[in-house]
Amino acid sequence: MERIKGALKNTFLAGLVVVVPIVITILALYWLFSFLDGFLSPVFYGILGKEIPGLGFLTEIVVIFLIGLLATNVFGSRILRIIQDFFMRIPLVRNIYPAVKQLVETFSKSGGTAFKKVVLVEYPQKGIFSLGFLTNEITIDKSQNNGRFFSVYIPTNNLYIGQVALFKVEDVIFTSLTVEEGLKIILSGGTAFPPSIPSQDLKKIMP
């Protein structure tokens, strides 16, 4: 009897693992669709006299695409630069806009993000290893003795909030994980960690 109960429990949990992510994804997409569609739907309702679900959403997609076309030519980029300069003169907006713009640009680089490699670093203290993403390599000129450092982004709250720290080259452990696998580990709260993480030789990947 206990064996049957255990089998039923395991089967139910297996189904739950499959169903829950699907339901959450569908709900998230539905919320996003409703949220975006809600911006322009009242405008079209006032013009057409009736509500057409999805029309506001499709209009926003077209507008974003047209803005993208505008941003990729010389004349359009100048106009957008003027608008951005205007935002930078508004007291509150100039503190928010650059941060949001930088965040969007960072996560929209070729390859998905601006992250180069998935690394492990001892942070926030010795003996505690944190998963991070290599973002850049810099040199610090200290008393005419150049030092080579790696800039590492360490997520501290899910993915979009984190800490940027500089580590000496020898203190950074390069892993064989892809950036996509690293992002999955962060977003899963560590449950997607593989049983073992092979390290990589720094000389072979970053001479």
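**Figure 1. Phe115, a buried residue of the predicted model.** With a relative accessible area of 8%, Phe115 falls under the 20% limit and is therefore classed as buried. The residue belongs to the loop between helix α4 (93–106) and strand β1 (117–122). Phe115 takes part in a stacked pair with Phe133 and in a stacked pair with Tyr153.

**Figure 2. The aromatic pair of Phe115 and Phe133.** Three aromatic pairs are present in the structure. In the pair of Phe115 and Phe133, the ring centres are 4.5 Å apart and the planes meet at 15°, so the arrangement counts as stacked. Distant parts of the chain are linked by this pair, since Phe115 sits in the loop between α4 and β1 whereas Phe133 is in strand β2 (residues 129–142), 18 residues apart. Both Phe115 and Phe133 are buried.

**Figure 3. The aromatic pair of Phe115 and Tyr153.** Here the centres of the rings lie 5.7 Å apart, with the planes at 15°; this pair, too, is therefore stacked. Tyr153 is located in strand β3 (residues 145–157), 38 residues from Phe115 in the loop between α4 and β1, and the pair thus links distant parts of the chain. A relative accessible area of 12% places Tyr153 among the buried residues. Together, Phe115, Phe133 and Tyr153 form one aromatic cluster.

**Figure 4. A nonpolar surface patch that includes Val23.** The patch covers about 530 Å² and is made by Val18, Val19, Ile22, Val23, Ile26 and Leu27. Val23 lies in helix α1, which spans residues 2–48. Its relative accessibility is 39%; because this value lies between the limits of 20% and 50%, Val23 counts as partly exposed.

**Figure 5. The chain that provides the setting for the close-up views.** The secondary structure consists of six helices and five strands. Read from the N terminus, the elements follow the order α-α-α-α-β-β-β-β-β-α-α. Of the 207 residues in the chain, 20% are buried. Among contacts in the chain with a separation of 6 or more, 37% are between residues 24 or more positions apart.

Definitions and conventions:
Residues numbered from 1 in each chain as written. Predicted model: local features only at pLDDT ≥ 70, side-chain atom pairs only at ≥ 80, totals over all residues. Heavy atoms only, no water. Patch = residues over 30% accessible without salt bridge, like charges linked within 9 Å, V, L, I, M, F, W, Y side chains within 5 Å. Areas by Shrake-Rupley, 256 points an atom, 1.4 Å probe, with all protein chains shown as cover. Salt bridge = Lys/Arg side-chain N within 4 Å of Asp/Glu carboxyl O. Helix = DSSP H or I, 4+ residues; strand = E, 2+ residues; numbered from the N terminus. Buried < 20%, exposed > 50% of the residue type's maximum accessible area, 1.4 Å probe, protein only. Contact = heavy atoms within 4.5 Å. Phe/Tyr/Trp six-rings, centres within 6.5 Å; stacked < 30°, edge-to-face > 60°.
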